[in-house]
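Open the model in your viewer and keep the selection panel at hand. The stops below say what to select next and what is there.

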Amino acid sequence: MSLRGRDIVSIHDLSRDEITALLASARKMVRAAEGGRAPATLAGKIVAMAFFEPSTRTRLSFESAVQRLGGSCLTIADAGATSLRKGESLYDTIRMLSSYADAIVLRHPNEGSARLAARASDRPVINAGDGAGQHPTQTLLDLATIQERFGTLSGLKVVLLGDLKYGRTVHSLAHALAEFGSEIVLSSPPSLRLPEEHRAELQHRGAKLREEPDLPKAVREADVLYVTRIQKERFPDEGEYREVVGSYRIDAPLLAAAKPRLIVMHPLPRAGEIAAEVDATPHAAYFRQAFLAVPVRMALLSALLGPAGRGR
Amino acid sequence: MRELKITPIRNGTVIDHIGNGLALDVLKILGVRELDRDSTVSVALHVRSGKLGWKDIVKVEGVELSPRAVNAIALIAPTATISIIRDYRVREKRAVDLPARIVGVLRCPNPNCISNQPEPLESEFEVAARRPTVLVCAFCERRVTDFVRHLA
Ligand SMILES: Nc1ncnc2c1ncn2[C@@H]1O[C@H](COP(=O)(O)OP(=O)(O)O)[C@@H](O)[C@H]1O
Ligand SMILES: [Zn+2]
């Protein structure tokens with residue numbers, strides 16, 4: 001499959017068929033991502049990592065993906081955007097960068113920055129997180145994790161747990177899952193419920209959607225339990241935060257009543273939402289999820305930059 | 001010519017069929033971007049109208065509105081008609097028309113949007129729905145329905 005020259009700013013920039021094809025291509029990249037023989041689809045290509053905000057796993061997995069495919073990286077990993085740009089606009093910075101590289105991966109604190117970068121650049125731009133906005137490759141690797149375990153993205157019961165209000169990964173995942181026909185079960189504290197706008201949009205698209213604030217009950221029926229970080233800053237006081245975090249903790253006793261095939265996912269890094277004892281159970285899928293970032297990003301980079309008509 | 005609620009103007013623009021009570025918002029749009037100091041502006045509030053029941057009218061002497069001002073008026077007063085007066089006669093008359101993209105007229109309500117940073121690009125919104133109008137920021141996808149508060 002080829003997506004030559006396209007910008008990937010939002011998961012909505014990809015059709016359902018394109019997502020399916022990317023996931024299939026990512027499956028073929030798994031061996032190469034583990035260090036096996038890789039196609040040199042990015043040989044001679046340079047990919048710029050423009051990270052204006054700290055990120056470890058997103059940047060490193062992109063860099064790994066580029067290098068596995070024989071390409072090389074130009075990396076701006078300086079979190080202090082000002083020292084790098086010296087007051088230069090993002091538009092000018094990207095314009096300049098697009099003349100040094102064949103594609104740009106952007107992480108930036110302002111919403112909409114990737115859309116602006118896509119206009120500034122005549123090379124493909126991949127959004128690797130714009131503030132509270134979009135992060136399409138995270139959604140792709142979430143889907144890849146579910147697909148790898150179940151062989152399908154439809155007919156599953158997926159519980160989204162925790163901060164459904166601010167968690168950007170959860171919004172685009174919910175939209176994609178709805179598109180593929182899985183049932184979405186929302187489980188969150190009242191103050192962190194999915195915003196009405198997203199709920200309406202999902203229902204409008206015919207999503208199977210319901211709420212189950214009772215966590216043990218939600219876990220019993222789930223095929224996938226997607227856990228998000230609950231951020232302290234979102235709460236007015238420490239006490240309320242502790243109470244919520246306490247009631248959404250995933251541990252072995254809670255999972256004892258789960259289906260054997262249940263997988264627990266988390267975008268990482270975790271901060272106590274999932275007890276370490278879960279790591280040793282067959283339910284733990286979050287480290288696999290982190291690994292799949294590499295083959296998924298390899299598949300996307302190949303589709304954007306690889307030779308046209310190849311790499312299918 | 002039918003009865004004129006306000007003194008005739010020689011050259012200028014008449015914005016008629018403004019929804020009842022919206023004339024002050026129209027003035028706000030004109031005030032922030034268009035008027036040169038020599039223009040006389042007359043406003044008629046709560047005028048009988050066949051179509052609308054009641055309407056407001058704004059007349060601006062000596063000024064022909066720019067397309068951008070017309071777009072802004074279309075946002076808050078979609079029923080308005082704009083007549084260009086030259087030498088006391090109506091020379092052009094048209095309904096305002098909301099374009100598919102609104103460029104530069106509004107500020108994005110999301111303070112963290114890149115369009116509110118010092119970048120060499122104008123704000124931009126796409127029309128997501130009509131009647132009532134809903135706009136979506138072309139950068140951060142934030143929805144806007146309260147246009148008067150977010151005039152650039
Ligand atoms: N010379 C003028 N000075 C001020 N207002 C005028 C002038 N000529 C027309 N108008 C106003 O411009 C608007 C459009 O004029 P016209 O096409 O004659 O009326 P209508 O839209 O009511 O059929 C009306 O509000 C009318 O009162
Ligand atoms: Zn915006």
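**Stop 1: a salt bridge in chain A**

Select A:Arg115 and A:Asp13, which form a salt bridge with the closest N and O atoms 3.7 Å apart (a side-chain nitrogen of Lys or Arg within 4 Å of a carboxyl oxygen of Asp or Glu). A:Arg115 is in helix H5 (residues 113-120) of chain A and A:Asp13 in the segment before helix H1 (16-33) of chain A, so the pair ties together parts 102 residues apart in sequence. Helices (H or I, at least four residues) and strands (E, at least two) are DSSP runs, numbered from the N terminus. A:Arg115 is partly exposed at 22% relative accessibility, and A:Asp13 is also partly exposed, at 23%. Buried means under 20% relative accessible area, exposed over 50%, and partly exposed in between (1.4 Å probe, protein chains only).

This is a predicted model, in which local features need pLDDT of at least 70 and side-chain atom pairs count only at pLDDT 80 or more, while totals for chains, interfaces and linings use all residues. Residues are numbered from 1 along each chain as its sequence is written, chains are lettered from A and ligands numbered from 1 in the order in which they are written, and side-chain values use heavy atoms, leaving out hydrogens and water.

**Stop 2**

Next, select A:Glu211 and A:Arg199, a salt bridge whose closest N and O atoms are 3.1 Å apart. A:Glu211 belongs to strand S7 (residues 208-211) of chain A and A:Arg199 to helix H8 (residues 196-204) of chain A. A:Glu211 is partly exposed at 33%, whereas A:Arg199 is buried at 10%.

**Stop 3: chain B**

Move to B:Glu124 and B:Arg101, where the closest N and O atoms of the salt bridge are 2.0 Å apart. The two residues sit in strand S7 (residues 124-129) and strand S6 (residues 101-103) of chain B, 23 residues apart.

**Stop 4: two helices**

Finally, show helix H6 (residues 136-150) and helix H7 (residues 168-180) of chain A, whose axes come within 9 Å and cross at roughly 50 degrees. Which residues of H6(A) and H7(A) meet? Among them are A:Leu143 and A:Ile146 in H6(A), and A:Leu173 and A:Phe180 in H7(A) (contact means heavy atoms within 4.5 Å).

Conventions: Axes fitted to C-alpha atoms, helices over the stretch in contact; angles between N-to-C directions.
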